[in-house]
Amino acid sequence: MKIKSLRYIVNQGFTSVWKNRTMSLASVASVTATLVVLGLIIILVLNINNMAKLAQVQFETIQVFLKDELPLEDISDIGKQIDDIDGVKSTMYESKEKALQNLINRWGEQGHLLEYLEENPLPNSYIIYLDSIEGAHGVVYELEKIAGIDDIKYYKEIVDVLIRIASFIRNIGLALILALIVITIFIIVNTIKITLNARRQEITIMKHVGATDWFIRCPLIIEGIVLGLIGALLSVAIVHYGYYHFYNMMLTRFTVMFSIYMISVEEMLSRILIMFTIIGAGVGALGSILAIRRYLRV
Amino acid sequence: MIEMQNVCKTYKKEVRALFNIDIKIEKGEFVFLVGPSGAGKTTFSKLVLKEENPDSGKIYFGGEDVTRLPRRKIPYLRRDIGVVFQDFRLLPNKNVYENIAFAMNIVEASAKEIRRRVPMVLAMVGLSSRAGNLPHELSGGEKQRVSIARAIVNNPSLLIADEPTGNLDPETAWEIMKVLRQVNRRGTTVLMSTHAKDIVDIMQKRVIALENGKIARDEIKGAYGYED
Ligand SMILES: Nc1ncnc2c1ncn2[C@@H]1O[C@H](COP(=O)(O)OP(=O)(O)OP(=O)(O)O)[C@@H](O)[C@H]1O
Ligand SMILES: [Mg+2]
């Protein structure tokens, strides 16, 4: 393939997009809408998965919060009772002062905000290390019998719920995306069909003069890819700015804690940019190829 | 150049377009294809171009069996055959020069080659001064000359003209015939379907007459043979 032919082909592809503005716009809008929805789903799923993953680090632990104002001997007695439970490897006492210090450290730059609290709202707790995750249920059952325990924080459940939510959203989202992609391809097929009809005469002449199949098809495929790519870039812009504002809103409206669990704006951008570009170009090319197979007998 | 052996072609079972055609056309010949409407003239051309495939029989072009040509090689067969139609088939938004250059772009000719060949064929059909005009600014005869220029710009060994003078008045038709004769003199085989009695009678070339899909006549210096 020579440079000149390549230029002709690419030119043809772009020219058609412009000549065929109304349908091109519909195609681009459809690609954009589909990918924006995909973006929303990705944002939800990735963030929830991220939370689950962070929580999973503490998977093999159970934290029990003790009632306030418990005398020290009661606290150590509770510790012994916990140690006696089957499946408990070890326990670690975390006083409310230690807990606050940990939280200050975890908040990092914003940690100093916590130093001005009038009274420490955090409870004393035991962190329980388990022999295995499987034993978690049994241990929790035994813990519930012990007096003086206010609350049991059992991460496995949280993790499970998060993972279930994420996979639910992912499944619903997948079905939705597939439906949207089918609609998008349908619109692109029709856009290319219009180009095909507009260029019917030209294509007939091309065939008579001995143009190879790829020479006739390529401009149409390029047209589809261009439509897909424009749609993809628009959706990347929309999703990126949308997430940027959402992220900042979470940061300012709620506690900084959220930012630990959320995927950063940059990482989100890098994830969707390549993915959307590929999907956009792919959907565009697929639409063209289907249109060509259906309406162009070269 | 072209050889058909026992070629049959039916459209949709019922319509028998060509039946048991045996014919040989040599390189450099000028052949008229005549016969009543629906006799199979256009079908004949389409078989040579592999736009249609025969039901049975063999078709050779330049020694190669066209019937067994794989799909991807069809473009290369067509590059060696120029085609001219009754309705010119020029691209309305391209000027004369571009219409001709288009045919060269498609076969990926170099820019240099295009700059050399296009003015040459324009001169040959006598349209050098009209290079910048759009088709709608041309007369019918001029349009047909552009379409001939386009058909020969890639130097094909065969030129198929399907009723090239069908839309033209007699005088203009003769201009076209002169161009075709000149193309033929330069060594290109010409196969022309026509209903123009005068032209066939005066040109004194080989005449193949088709009737109901069969060869009714094949004369060396033939006449049209039908009343208008
Ligand atoms: N695509 C097609 N489908 C069905 N029948 C066809 C098709 N093309 C041609 N035919 C039939 O085949 C027969 C031969 O047609 P063809 O076009 O070859 O005739 P022709 O000699 O070129 O006629 P004319 O002088 O009017 O151009 C006719 O009966 C025509 O109706
Ligand atoms: Mg005909």
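This is a predicted model: local features need pLDDT of at least 70, side-chain atom pairs count only at pLDDT 80 or more; totals for chains, interfaces and linings use all residues.

Start with chain B. Look for an open sheet built from four strands, lined up in the order S2-S1-S4-S5 with antiparallel pairing. At its edges sit strand S2 (15-25) and strand S5 (64-65) of chain B, each pairing on one side only. Now find helix H1 (residues 41-48) of chain B, which lies across strand S1 (2-11), S2 and S4 and runs at about 115° to S1(B).

Next, hop over to chain A and find Ile43(A), which belongs to helix H2 (residues 21-56) of that chain. Is Ile43(A) buried or exposed? Its relative accessible area is 11%, and the cut-off for buried is under 20%, so Ile43(A) counts as buried. Beyond its neighbours within four places in sequence, Ile43(A) is in contact with Val239(A), Tyr243(A) and Met268(A). Also check out Ile263(A): it is 220 residues from Ile43(A) in sequence, yet their C-alpha atoms are 8.4 Å apart in space.

Finally, see where the chains meet. Here 26 residues of chain B are in contact with 22 residues of chain A. Together the two chains bury about 1,900 Å², 57% of it on carbon and sulfur atoms. One salt bridge crosses this interface: Asp213(A) forms it with Arg71(B), with the closest N and O atoms 2.6 Å apart.

Methods. Residues are numbered from 1 along each chain as its sequence is written. Chains are lettered from A and ligands numbered from 1 in the order in which they are written. Side-chain values use heavy atoms; hydrogens and water are left out. Two strands pair if DSSP finds at least two bridges between them. Helices (H or I, at least four residues) and strands (E, at least two) are DSSP runs, numbered from the N terminus. Contact means heavy atoms within 4.5 Å. Axes are lines fitted to C-alpha atoms, for helices over the stretch in contact, and angles run from 0 to 180 degrees between N-to-C directions. Buried means under 20% relative accessible area, exposed over 50%, partly exposed in between (1.4 Å probe, protein chains only). Buried area is the accessible area (1.4 Å probe) that two parts lose on being put together, summed over both. A salt bridge is a side-chain nitrogen of Lys or Arg within 4 Å of a carboxyl oxygen of Asp or Glu.
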